[in-house]
Amino acid sequence: MAAFCVALPAVAASLLLLLLLLLVSWKRWRGARAKRHVLIVVLGDVGRSPRMQYHALSFVQSGFAVTLLGFCNSRPYEELLQNSRIQIVSLTELQKLPVGPYIFQYGLKVVFQSVHLLWKLICREPAAYIFLQNPPGLPAIAVCWFVGFLCGSKLIIDWHNYGYTIMGLVHGPSHCLVLLAKWYEKLCGRLSHLNLCVTNSMREDLAENWSIKAVTVYDKPASFFKETPLDLQHQLFMKLGCTYPAFKARLEPLDLATERSAFTERDAQSGVVTHLRGRPALLISSTSWTEDEDFSILLAALEKFEQLILDGESLPSLVCVITGSADLGVCLHKSSSGLDLPMKVVDMFGCCLPVCAVKFRSLQELVKHEENGLVFEDAEELAGQLQMLFSKFPDPAGKLNQFRKNLRESEQLRWDESWKQTVLPLVMDT
């Protein structure tokens with residue numbers, strides 16, 4: 001009886017191993033079907049991962065079928081949802097447990113995500129490539145490599161940043177979890193078949209410090225990012241004016257049939273929309289509210305700007321919003337590693353919107369100081385830039401309009417064209 005009890009676990013383990021081998025053999029046998037299929041993995045919110053959504057659409061446009069795995073907390077682009085060649089698979093996000101120390105909770109989360117992601121990937125149709133966003137890469141890199149090893153898929157890592165540097169903003173660079181994450185990222189990052197990254201600075205850093213050869217694929221605005229026509233701006237301002245007083249007209253028009261917002265006016269007779277004289281300037285700054293964005297810089301700069309007006313400077317009123325059509329964009333993204341680029345600026349440039357951006361190591365690869373925007377280091381410098389840009393607002397010959405003109409004339413490469421030139425040859429040749 002004792003011998004039987006000892007042998008039972010061994011038999012179970014052998015059966016499990018046999019089952020796994022049969023599954024792997026079956027997947028490899030079906031490998032011919034995998035040549036035009038890609039598994040894209042985002043261990044984060046798919047709706048907040050525009051670059052990976054762009055990758056999915058580009059793969060489909062190039063003849064691939066795509067399975068996109070990630071958290072479904074926010075709605076992805078409608079184009080993804082309506083495409084029959086894109087299947088979105090929801091991953092379960094383990095919520096924070098109010099039990100035990102943080103390290104225990106984090107370890108439990110990693111174990112759960114490893115098992116859950118492994119199961120979800122194994123149950124999918126075989127794929128030629130497993131295309132992974134990093135960060136977050138713990139535990140996704142190891143899991144995706146293991147599934148690729150079993151099923152004959154090639155692992156591609158798209159390096160947006162380093163996960164350990166983001167953890168370092170919360171816990172400090174010398175925390176044991178941060179050091180562990182750095183070791184893991186450096187070790188497992190070398191297991192990939194192909195690596196992409198978002199800047200030349202990151203490409204050089206990966207090569208020099210991690211012995212990883214990567215190809216730079218810059219973020220580019222999608223085709224739907226473009227300047228908003230004035231009549232559509234007017235419609236938006238009128239709609240926002242119903243909820244937010246800052247968008248309402250200060251004075252009602254004499255002709256009640258005329259539509260007027262704080263910025264625009266539609267003539268009742270001709271229907272033509274024009275900018276109001278003496279209108280306020282509109283400043284936007286989108287944000288993800290993460291540790292690598294310091295909004296206190298903008299708030300302090302706005303206080304200094306307001307003081308200049310109180311001191312008698314001839315400056316327009318400012319309406320500041322977190323999104324929308326505008327005269328100027330402000331970016332406060334500093335980058336935890338100094339090696340990535342803010343996608344919000346890419347999108348702003350796609351709409352021909354000049355930007356003031358806080359300075360960090362790789363920013364010059366995107367924002368050209370005095371050409372398509374300005375770079376600042378602190379609130380004092382940002383306040384000075386706001387004063388300079390809006391001193392004669394809305395003068396057509398002013399610096400702000402010159403930046404916008406430069407953006408219009410730059411013939412910016414859009415994501416689709418860029419992807420076909422950089423990524424498509426790589427996946428077709430491997």
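I began with an open sheet of five strands, whose order is 12-11-13-14-15 with parallel pairing; strands are DSSP runs of E with at least two residues, helices are runs of H or I with at least four, and both are numbered from the N terminus. Two strands pair here if DSSP finds at least two bridges between them. The edges of this sheet are strand 12 and strand 15, each of which pairs on one side only. Neighbouring strands of the sheet are turned by 20° against each other on average, direction ignored.

I noted the provenance before going on: this is a predicted model, in which local features need pLDDT of at least 70 and side-chain atom pairs count only at pLDDT 80 or more, while totals for chains, interfaces and linings use all residues. Residues are numbered from 1 along each chain as its sequence is written, and side-chain values use heavy atoms, with hydrogens and water left out.

**Entry 1: the chain as a whole**

I recorded 14 helices and 15 strands in the chain. Of its 430 residues, 48% are buried; buried means under 20% relative accessible area, exposed over 50%, and partly exposed in between, with a 1.4 Å probe and protein chains only. I then looked up contacts (heavy atoms within 4.5 Å). Among those between residues at least 6 apart in sequence, 67% join residues at least 24 apart.

**Entry 2**

Strand 11 (residues 281-284) pairs with strand 12 in the parallel sense over four bridges, and L318 in strand 12 is the bridge partner of A281. In a regular strand the side chains alternate between the two faces of the sheet. In strand 12, V319 and V321 form the covered face, whereas L318 and C320 form the uncovered one.

The bridge partner of V358 in strand 15 is F376. Helix 12 (residues 379-390) packs on the sheet and touches strand 11, strand 12, strand 13, strand 14 and strand 15, its direction making about 155° with that of strand 15. Angles run from 0 to 180 degrees between N-to-C directions, and axes are lines fitted to C-alpha atoms, for helices over the stretch in contact. Helix 10 (residues 295-310) lies across strand 11, strand 12, strand 13 (328-331), strand 14 and strand 15, and runs at about 170° to strand 12.

**Entry 2: H369**

I located H369 in the loop between strand 14 (355-358) and strand 15 (373-376). H369 counts as partly exposed because its relative accessibility is 43%. Leaving aside neighbours within four places in sequence, H369 is in contact with L374, V375 and Q385. Its side chain reaches the backbone nitrogen of V375 at 3.0 Å. I also checked C356: H369 is 13 residues from C356 in sequence and 9.0 Å from it in space, C-alpha to C-alpha.

I turned to an open sheet of seven strands, with the order 3-2-1-4-5-6-7 and parallel pairing. Strand 3 (86-90) and strand 7 are the edge strands, each pairing on one side only. Strand 1 (residues 37-45) pairs with strand 2 (residues 65-71) in the parallel sense over six bridges, and V66 in strand 2 is the bridge partner of V38. Helix 14 packs on this sheet, touching strand 4 (129-134), strand 5 (154-159), strand 6 (194-197) and strand 7; its direction makes about 175° with that of strand 6.

**Entry 3: T216**

I placed T216 in strand 7 (residues 215-216). T216 counts as buried because its relative accessibility is 13%. Not counting residues up to four places away in sequence, T216 touches C197, V198, T199, N200 and R203. The side chain of T216 makes a polar contact with the side chain of R203 (3.2 Å); the term covers a pair of N or O atoms within 3.5 Å, where within protein one must be able to donate a hydrogen and the other to accept it, and residues adjacent in sequence count only if both atoms are side-chain atoms. A polar atom of the T216 side chain also lies 3.5 Å from the backbone oxygen of T199.

**Entry 4: helix 5**

I listed the buried residues of helix 5, which are A140, I141, V143, C144, V147, G148, L150 and C151. Helix 5 is followed by G152, whose phi is positive, near 80°.
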